[in-house]
Amino acid sequence: MPPQPPEPWTETRDALEFGNIAPQEKSPLIPPALLIDQPESEDCLYLNVYTPGTDGGARPVMLWIHGGGFYIGSGSQDLYDGSGLASRGAVVVTINYRMGPFGFVRLKELTNGEIPSTGNEGILDQVAALEWVRDNIAAFGGDPGNVTIFGESAGSMSVVSVLSMPAARGLFHKAIAQSGPGHTHFSVDEAVDYIAKPMLEAFGSSDPEALRAASTEEMMAAVPAFMEAAASQDPAIRNRWAKPVIDGETITDWPEPLLGSGTHAGMPLMVGTTRDEMSSAVLAGVGDGDLAERVQELVPAHDANALIDAYRTARGQRLAPVDSASLYAAIDTSRMMGVPSTRLLDAHRPHGPVYHYVFDWISPAMDGASGAQHGVDIGFVFGTHDVTPDTAGMFGAGPAADALANATMDAWTAFARTGDPSTESLGAWPPYGETRATMMIGPLAGVREAPFEGERAAWDGIATSDMR
Amino acid sequence: MTIVQTHSGPLRGARENGLSVFRGIPYAAPPVGDLRWMPPEPPVPWTEPRDALEFGNVAPQEKNPLVPPVLVVEQPESEDCLYLNVYTPGADDGARPVMLWIHGGGFALGAGSQRLYDGSRLASRGVVVVTINYRMGPFGFARLKELTNGEIPSTGNEGILDQVAALEWVRDNIAAFGGDPGNVTIFGESAGGVSVLTLLAMPAARGLAHKAIVQSGPGQLSLNVDEAIDQVARPLVEALGTSDPRALRAATTEELMAAMPSFMDAAVTPDPRERNAWAKPVVDGEVILDWPEPLLASGACEGMPLMVGTTRDELSQPVFDPIKDEAELLTRVQAMVPDADAGALIEAYRAARGQRLAPVDPASLYSAVDTGLIMAVPSTRLLDAHRPHGPVYHCVIDWISPQMDGSFGAPHMVELGFVFGTHDATPAIAGMCGVGPAADALADATMDAWAAFARTGDPSTDGLGAWPPYDETRPTMMIGPLARVREAPFEGERVAWDGIPTSAMR
């Protein structure tokens, strides 16, 4: 069901411990830095507030939506400790939302509406959290008239979904979408065919009573797995895990046309990616003999060889690796992340201030072999890069990493404050105009015009809807 | 403007960035004409204040298309090149620690005046930085005494004698520049690191230096007398077409440079035997007493603090020399270590790297083994040799260069921009090192540690943290994205070389 308001209480209630987290997919493929050790429950709709003072400060509010494929993660992960950002004068709110079978399964068709879930319940939870912020954050020293929603990966896809939800109108004023442009959301048919149907088959029944009586574990076991799909070599399978649904009602449209229509006139929007989002593909090793075939699978209706040549040329010019595995990973990074992200900015540019970054800090893990991988921005956005030995192994530690964290947090809070991420540490950050000014955040930090342009332009003529 | 009295005459320097900077100070007479191939002589004194505002000539540079942009020098070249530069917070009686830098470049390239070695930022930490030129190539490292029956008495160590002369100049003059002649740290990278080790093997120099930092300095690559003659002097003389001393003395700078065996060509050749055939110091038992490891082990530098470091991927050459497959890997490694078990070495590296999920493709394995052979393991052995005799410190720079999307790893030279804080001095250097908050912070932390070592002999600082000496647990400061002390990093790789003598690691 959509989220309902909480039961009120009268006696002072402790808000000292994190609440339950949503039930998590269990998989050996999950990296240690992302494992969480908190009680799981469907009763998981809790949020956390970090504020310099519960006063009349009316500070910028930053509401974080965690990633994890809509199957793992929580607002209470060490990685999302809001203290670093809050110490810069923001009120940070981190939230849980329903995930997997409880948040993103569209059962209304297959149960003839008796279970009315649209597959967007998790996003409705996020909207409910925004309503809570609107109603309460002033008492926590925040300004309900200055709310920035930000998220990474599935959290970014959530930000994009919230942008597309009429129910969320007026609840936020700025948005940051990190590594998740939201173009891979489901259509209604896909939500039913790829998720609801297999889940009911695995469960063994479509009877609403049986479904409501099912245990948490039974539902978790029945829903199609995320990590397995994400690790598949087959690009068609890779997309088949529960996620928001563009149903024309709860979520009205795909993000690009929605932004392009001027739905959010005046709203500052920052969108960015890491340079090597799909670097795990390098490690999976596409061989020379496979490259053309594998790329063709990514873009069935288009010329794979033209793409490959464009990437080989562009990367060759800067002496970046052009072995088949690297080329495949780079092409997939653009397809899943880089190019749709720039298209969001292009769509919104006539309507509001837009900012672009590429995070190219190379993870120290594996002697740097995973490059600037998916997620490498998170530890710096929160300044939690070294909160545990595992996170330090993924992000780094020491003076250089500390400085990058400080600079990133400064820029993010500046954006939340004024809508302009320019700061002393990273420097003036121009909007993403026709010159495609991009802030590179990493070892060689600064603004570059149209970085990776040879790669980007190779997708002109390939519709975003063909990049899924 | 600031005027300083030196033993040779008064010098006029510039005030800039809160420092007094003196450029182009002659520390020896120009080694030209009859002085070509002779030990350095004192400079001719002068009486009127002489400008020390412009860098002096640099030594003639090897010309080669493979020379990387960061090594390009901007000043005129000449055999008349024995100049040094001083960067000091004040030409006063501050008696600050002195840091004398010996540049690298294969004894064929480079100069103290390169942008990379601008001493300003390091000096701003309260040390006096001295950067020097020295004779290189055919003028500094050609052993002609045998082939000319002593008529040209060069031992092939003239460039090192120049470095000694610079140290003597420091002893005699640096107090007037606000430095403490009783606290001199010699530091250098690559050929400069080899130079530092070589100086330690010269009693005359040892008294002039009180601490030493060796960055990526493969001291075991120096030549013995036979090699100096066979691999350098004889090819030089053959290319010139004469061993007649008068003809040699009459040869132009250009003729000698053209005739000299190439450093760059040797450095990139795939054949490990040819790779060592370029001019460098000669361990002749007279000018240079011994190889660095046995010398240090004998306690020749009792009490001296010594820091030795390497970069993690010194010899990564992904583009230049890709190894295609396992068979080629085995063949190439066997050629590196003819008397050892190449297969066992490779397997040790594969296992150790596999454990941390580092790449184990043939090209990466080759680079790693090569790094171990030339740089990493001989460096730890230097520390083991000196450990009973003085404080020793170890570091590995694993900052990944942003060039080539990071695929070059942490290559040779990557630390230089951080040691001097010149990482952003030019686009070429920035491309190699990086710019912005993270790179700036690493530079500050590195300069602080180097200055602390020069000051007290202990490189511990707030920035990088406490830095323990290199004892049996092999604590090593990792300088890079995950900066911290690690005990015995890369130990699986290191022990694979036990049983292979350093003399075979060339």
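**Ground rules.** I worked on a predicted model, where local features need pLDDT of at least 70, side-chain atom pairs count only at pLDDT 80 or more, and totals for chains, interfaces and linings use all residues. Residues are numbered from 1 along each chain as its sequence is written, chains are lettered from A and ligands numbered from 1 in the order in which they are written, and side-chain values use heavy atoms, with hydrogens and water left out.

**Entry: salt bridges.** I searched the whole structure and found 51 salt bridges over all chains. The criterion is a side-chain nitrogen of Lys or Arg within 4 Å of a carboxyl oxygen of Asp or Glu.

I then looked up Arg318(A). It pairs with Glu455(A), with the closest N and O atoms 2.9 Å apart. Arg318(A) sits in the loop between helix 13 (304-317) and helix 14 (324-348) of chain A, and Glu455(A) in helix 18 (residues 453-457) of chain A, so the bridge ties together parts 137 residues apart in sequence. I took helices (H or I, at least four residues) and strands (E, at least two) as DSSP runs, numbered from the N terminus.

Next I checked burial. Buried means under 20% relative accessible area, exposed over 50%, and partly exposed in between (1.4 Å probe, protein chains only). Glu455(A) is buried at 6%. Arg318(A) is partly exposed at 23%.

Arg318(A) also forms a salt bridge with Asp405(B), at 2.8 Å from N to O. Asp405(B) lies in the loop between strand 11 and helix 14 of chain B, so this pair joins two chains. Asp405(B) is buried, at 13%.

Which residues make up the salt-bridge network that includes Arg318(A)? I listed Arg275(A), Asp276(A), Arg315(A), Arg318(A), Glu455(A) and Asp405(B).

Arg125(B) is in the loop between helix 1 and strand 7 (128-132), and Asp444(B) is in helix 16 (residues 437-456), 319 residues apart. Asp444(B) is partly exposed at 38%.

**Entry: positive phi.** I looked at two non-glycine residues of chain B. Phe107(B) has a positive phi of about 60°. Its place is the loop between strand 6 (96-102) and helix 1 (120-123). Phe107(B) is buried, at 1% relative accessible area. Met404(B) also has a positive phi of about 60°. Met404(B) lies in the loop between strand 11 (392-397) and helix 14 (416-419). Its relative accessibility is 9%, so I filed Met404(B) as buried.

**Entry: a covered helix.** How many residues of helix 4 (residues 191-200) of chain B are buried? I found 10 of its 10. Among them are Gly192(B), Val196(B) and Leu200(B).

**Entry: contacts.** Contact here means heavy atoms within 4.5 Å. I looked up Leu147(B), in the loop between helix 2 (137-140) and helix 3 (158-173) of chain B. Leu147(B) is partly exposed at 22%. Not counting residues up to four places away in sequence, Leu147(B) touches Ile229(B), Ala233(B), Arg234(B), Val237(B) and Ser243(B). The C-alpha atoms of Leu147(B) and Val237(B) are separated by 8.5 Å, at 90 residues apart along the chain.

Asn48(A) is in strand 1 (residues 47-50) of chain A. Asn48(A) is buried, at 12%. Beyond neighbours within four places in sequence, its contacts include Phe18(A), Gly75(A) and Val93(A).
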